[in-house]
Structures are given as C-alpha cells and as structure tokens.
Amino acid sequence: MTDRPNWGALEGMLKDLRRTMSGMDETQKRMLRVTGTAWSDDGMIRVVVGPRGHLLELDIDPRVLRRPDSKALSTAILATTRLAVEDAAAQSRAILDDVVPRDLRDVAGADGTGLTRIIGSHDADVRLTKDDDE
C-alpha cells in the first residue's frame, strides 16, 4: 500500500507561501525601517542601530569624561550596542512572525542556518562560532 500525500496540507502550505511572497516587498520595507535603541545601565550611553546592527547613532554623556577610563567606556559601548542589536532583532522577528508561517521560518539554507537563527544572532556570536570552527 502506497501512502498518499495529504493534498489538503500541501494546499495550505502553498496558500501560506503565496500569501507570504505576495507581501514580501512590504515586509522588506518594514524590516529596513527597523531600528534598535538601548541605554547603558548608568544612562550615560545611548546607542541606535539599524536593521542589520550597524551603528546609526552613538550618544555619550560628557560626564563620562570626568572619570576617564577607556576600557570601561569601551566595554559599556559594546554592551549597550549588543542590547540595541537585540532590540532590532526582536522587532525583525516580530515582523516575520506576522507574515511568514512558522514552518517556513525554520527551513535551513544550504549552510544549515535558518532564518530565525540568522535574525537572532549577533555579529560577535557569529564571529566566535566561525573562529571555533577553524
């Protein structure tokens, strides 16, 4: 006995895929408008990043210069930037959750990485993973 495909499920998947693809232009525009913002714990640093985590704005309160410590400042900027990137990623995931069916979000590409993992990753984590593989 041969198993027959579940045509109803297949039709549903194709319908979801068509709906997703038809709104792709608008989804792309929404995702390109995403910005992530974060403040340092002490409120002295504000970072704004774009949808891919690129730095758009960096505000440093002049009071930081009263106690110059370049290492601490660098650490605070990096930590705050990471928070801003996480904010942008969360917004991007929310947009995708609205338009891409769950079963399509986790389909892995040729490198085994799914869309959800790409959006949820920070460049520093990707760099660490790459270095670990070598």
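Helices (H or I, at least four residues) and strands (E, at least two) are DSSP runs, numbered from the N terminus. The protein chain described here has 6 helices and 3 strands, and from the N terminus on its elements follow the order α-α-β-β-β-α-α-α-α. The structure is a predicted model, in which local features need pLDDT of at least 70 and side-chain atom pairs count only at pLDDT 80 or more, while totals for chains, interfaces and linings use all residues. Residues are numbered from 1 along each chain as its sequence is written, and side-chain values use heavy atoms, with hydrogens and water left out.

**The chain as a whole**

- Of the 134 residues in the protein chain, 25% are buried, where buried means under 20% relative accessible area, exposed means over 50%, and partly exposed lies in between (1.4 Å probe, protein chains only).
- Among contacts (heavy atoms within 4.5 Å) with a separation of 6 or more, 51% are between residues 24 or more positions apart.
- The protein chain exposes about 10000 Å², of which carbon and sulfur atoms supply 55%; accessible areas come from the Shrake-Rupley method with a 1.4 Å probe, and for residues only the protein chains shown count as cover.

**The second largest pocket**

- Helix H3 (residues 70-99) gives the largest share of the lining of the second largest pocket, namely 3 residues.
- The lining consists of Asp42, Met44, Ile45, Val64, Arg67, Asp69, Ala72, Leu73 and Ala76, and it divides into 6 nonpolar, no polar and 3 charged residues.
- The second largest pocket holds about 170 Å³ of space.
- On a 1 Å grid over the protein atoms alone, a pocket is an open set of points with protein on both sides within 12 Å along at least five of seven lines, and lining residues have an atom within 4 Å of a point.

**Ser40**

- Ser40 lies in the loop between strand E1 (36-39) and strand E2 (45-49), and it counts as buried because its relative accessibility is 9%.
- The side chain of Ser40 reaches the backbone nitrogen of Met44 at 3.2 Å.
- When neighbours within four places in sequence are left aside, Ser40 is in contact with Ile45 and Thr80.

**Pro51**

- Pro51 is found in the loop between E2 and strand E3 (55-60), and it counts as partly exposed because its relative accessibility is 32%.
- Although Pro51 and Asp87 are 36 residues apart in sequence, their C-alpha atoms are 9.6 Å apart in space.
- Not counting residues up to four places away in sequence, Pro51 touches Met31, Leu32 and Val34.

**Arg19**

- Arg19 has its place in helix H1 (residues 7-22), and it is partly exposed because its relative accessible area is 46%.
- Arg19 and Pro101 are 82 residues apart along the chain, with 9.6 Å between their C-alpha atoms.
- Leaving aside neighbours within four places in sequence, Arg19 is in contact with Asp98, Val99 and Pro101.

Technical notes
A polar contact is a pair of N or O atoms within 3.5 Å; within protein, one must be able to donate a hydrogen and the other to accept it, and residues adjacent in sequence count only if both atoms are side-chain atoms. On a 1 Å grid over the protein atoms alone, a cavity is a set of points where a 1.4 Å probe fits but cannot get out, and a pocket is an open set with protein on both sides within 12 Å along at least five of seven lines; lining residues have an atom within 4 Å of a point. Grid points are joined across faces, edges and corners, and a volume is the space filled by probe spheres set on the points. Ala, Val, Leu, Ile, Met, Phe, Trp, Tyr, Cys and Pro count as nonpolar, Asp, Glu, Lys and Arg as charged, and the others, Gly among them, as polar.
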